[in-house]
Amino acid sequence: FSKTSRAGTAALVLIALAVPAAAASTAQAASPPAVTATPTTSGARVTWTAVPGATSYVVGVRKHPTKSDYPTTWTSYPATAAAANIPIPRTDGQPRFVIARAKTGAGDVTAAPVQARALAPAVLAGEPLRFASLNIAIPNNTGFPGWPRRSALILEQVKRQAPDVLLLQEAQNVTAGANNRFKPLADQFYVNGYSFDRSIEAPGTKSAGSRIAYQRSTYSLTSHGLIDMDTGLSNYVSWAKLRSKNTGHEFLAVSVHLNPFYNANCPADIGKPSHNNPTYTQRHTFASQASTLKRRIASINTTRLPVLMGGDMNSNEVGDSGCKQAHEQFIDDGWTDMGSTARPTNLEFATTARFATSGGGDPLPARANYGRIDYLYTQGLGGPTGYRTDIPWATAGSTVLNERSSDHFMVIGATRLNQ
């Protein structure tokens with residue numbers, strides 16, 4: 001895990017503003033307040049130094065350090081104030097950014113954004129478990145390098161990371177030629193100790209791309225199924241009930257791929273052509289699909305087993321223009337983001353990147369943009385013990401020198417299985 005945020009916290013950026021008492025127009029501008037953020041169980045305690053001549057302070061909180069279309073919530077404080085409590089869910093790995101501004105007779109004085117996090121959720125005792133998610137990019141996608149090479153790279157990555165449970169998306173056994181099928185890769189998974197939630201369908205058979213692979217030496221499959229998120233659109237979520245052969249503990253594993261064409265960012269976009277492909281009409285919001293998924297999982301999980309869930313949500317951590325995204329809804333619905341671990345993470349990296357169209361290597365994923373669209377969550381367990389996006393390739397300048405298997409990166413989390 002590469003250190004990119006304060007261990008043991010959930011991040012937040014604070015902005016503090018000071019509004020000065022009346023002063024002569026010729027007065028010199030004051031220095032900005034010095035801002036600190038200390039994690040607490042309910043969020044972060046933000047403090048700032050006094051600015052001479054300030055009549056009040058304003059503290060702004062946002063979920064992205066730079067993007068202007070992400071909303072900032074501002075709160076005013078009197079000139080005597082020097083601290084504020086900022087609420088942040090302990091289960092949310094997404095940092096907050098706090099801005100402090102002071103108004104004086106010589107003009108506003110604004111401090112640079114400060115990252116804030118809540119204390120990480122407590123880790124409970126139990127059997128260690130590592131799970132991962134990867135959208136492999138459908139085998140017959142002609143916009144990517146050839147599937148035989150990509151499938152070999154996927155297998156190398158899985159062997160290197162060796163997750164106990166792997167959630168896959170776009171793993172269809174398509175009909176477009178023997179070299180564009182998932183089945184040969186699935187066979188290699190089996191050779192390396194993995195079994196799947198269901199048999200691999202024959203080419204040409206209706207096939208859901210979401211699958212669950214598990215280490216069969218450690219777990220046994222007791223039941224499985226599919227959740228149809230939108231009748232008629234083949235937008236399936238796969239689930240499997242697994243039992244530990246070491247402890248007998250059971251849990252649900254859920255692999256999710258939210259549809260990028262039929263789901264909208266904001267309610268006002270429903271009924272409009274998709275931004276991703278205008279031939280499709282948006283039917284739901286990502287947030288409403290997150291709530292639907294919660295209800296569907298609850299209807300399956302009648303004994304309230306712990307749940308591991310992950311996948312390609314096709315939406316960022318924070319919605320543009322204040323519209324709630326799937327991640328925000330999952331947090332509101334009680335899921336724990338694996339990025340909320342107390343251990344250092346590399347959450348600042350996006351989980352996708354384009355393939356290079358010419359020589360020079362593939363482009364690096366964007367850093368410091370917090371552009372996840374692939375996530376891992378748990379329900380009914382203690383806090384996570386680790387998280388990272390797997391970006392293992394050697395780099396030089398702005399390019400990745402080694403090949404990649406997909407336009408998505410594998411995300412990996414660690415937790416403890418307890419009941």
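Strands here are DSSP runs of E, at least two residues long, numbered from the N terminus. The model on display is a predicted one.

**First stop: Ser274**

Select Ser274. Is this residue buried or exposed? Its relative accessibility is 5%, and it therefore counts as buried, the limit being under 20%. Next, show the backbone of Phe261: its oxygen lies 3.4 Å from a polar atom of the Ser274 side chain. Apart from neighbours within four places in sequence, the residues in contact with Ser274 are Pro260, Phe261, Tyr280 and Gln282.

**The whole protein**

Zoom out and colour the model by secondary structure. The protein has four helices and 26 strands. Of its 419 residues, 54% count as buried. Consider also the contacts between residues at least 6 apart in sequence: 71% of these join residues at least 24 apart.

**The six-stranded sheet**

Now select the strands β12, β13, β11, β10, β26 and β23. In that order they make up an open sheet of six strands, with mixed pairing. The edges are formed by β12 (194–196) and β23 (386–389), each of which pairs on one side only. From one strand to the next, the twist averages 20 degrees.

Within this sheet, select residues 127–135, which are β10, and residues 165–169, which are β11. The two strands run parallel and are joined by five bridges. For one of the pairings, display Phe131 together with its bridge partner in β11, Val165.

**Helix α2**

Select residues 183–191, helix α2. The helix lies across β11, β12 and β13 (211–215) and runs at about 130 degrees to β12. Show the side chains of Leu185, Ala186 and Phe189, which are buried. Why do these residues lie on the same side of α2? They cover an arc of only 100 degrees around the axis, and this places them on the same side of the helix. In general, an α-helix has 3.6 residues a turn, so residues three or four places apart point the same way. What covers the buried residues of α2 includes α1, β11, β12 and β13. After the helix, select Gly193, which follows α2 and has a positive phi, near 100 degrees.

**Salt bridges**

How many salt bridges does the structure hold? There are 14. Three of them may be visited here.

- Select Asp197 and Arg198. Their side chains meet in a salt bridge, at 3.0 Å from N to O, and both residues are buried.
- Select Glu328 and Lys63, whose side chains meet in a salt bridge at 3.2 Å, N to O. This pair links distant parts of the chain, 265 residues apart: Glu328 is in helix α4 (residues 326–332), and Lys63 is in the loop between β4 (54–62) and β5 (73–78). Glu328 is buried, with a relative accessible area of 13%, whereas Lys63, at 22%, counts as partly exposed.
- Select Arg388 and Asp390, where the side chains meet in a salt bridge at 4.0 Å, N to O. Arg388 is partly exposed, with a relative accessible area of 29%, while Asp390, at 0%, counts as buried.

**Last stop: Asn235**

Finally, select Asn235. Where does this residue lie? Its place is in the loop between β14 (219–228) and β15 (236–244). Asn235 has a relative accessible area of 7% and is therefore buried. Display what surrounds it: leaving aside neighbours within four places in sequence, Asn235 is in contact with Ile227, Asp228, Met229, Asp230, His257, Leu258, Asn259 and Gln289. Asn235 and Ala208 are 27 residues apart in sequence, and their C-alpha atoms are 7.7 Å apart in space.

Notes: Residues are numbered from 1 along each chain as its sequence is written. This is a predicted model: local features need pLDDT of at least 70, side-chain atom pairs count only at pLDDT 80 or more; totals for chains, interfaces and linings use all residues. Side-chain values use heavy atoms; hydrogens and water are left out. Buried means under 20% relative accessible area, exposed over 50%, partly exposed in between (1.4 Å probe, protein chains only). Contact means heavy atoms within 4.5 Å. Two strands pair if DSSP finds at least two bridges between them. Axes are lines fitted to C-alpha atoms, for helices over the stretch in contact, and angles run from 0 to 180 degrees between N-to-C directions. The arc is that of the directions from the helix axis to the C-beta atoms. A polar contact is a pair of N or O atoms within 3.5 Å; within protein, one must be able to donate a hydrogen and the other to accept it, and residues adjacent in sequence count only if both atoms are side-chain atoms.
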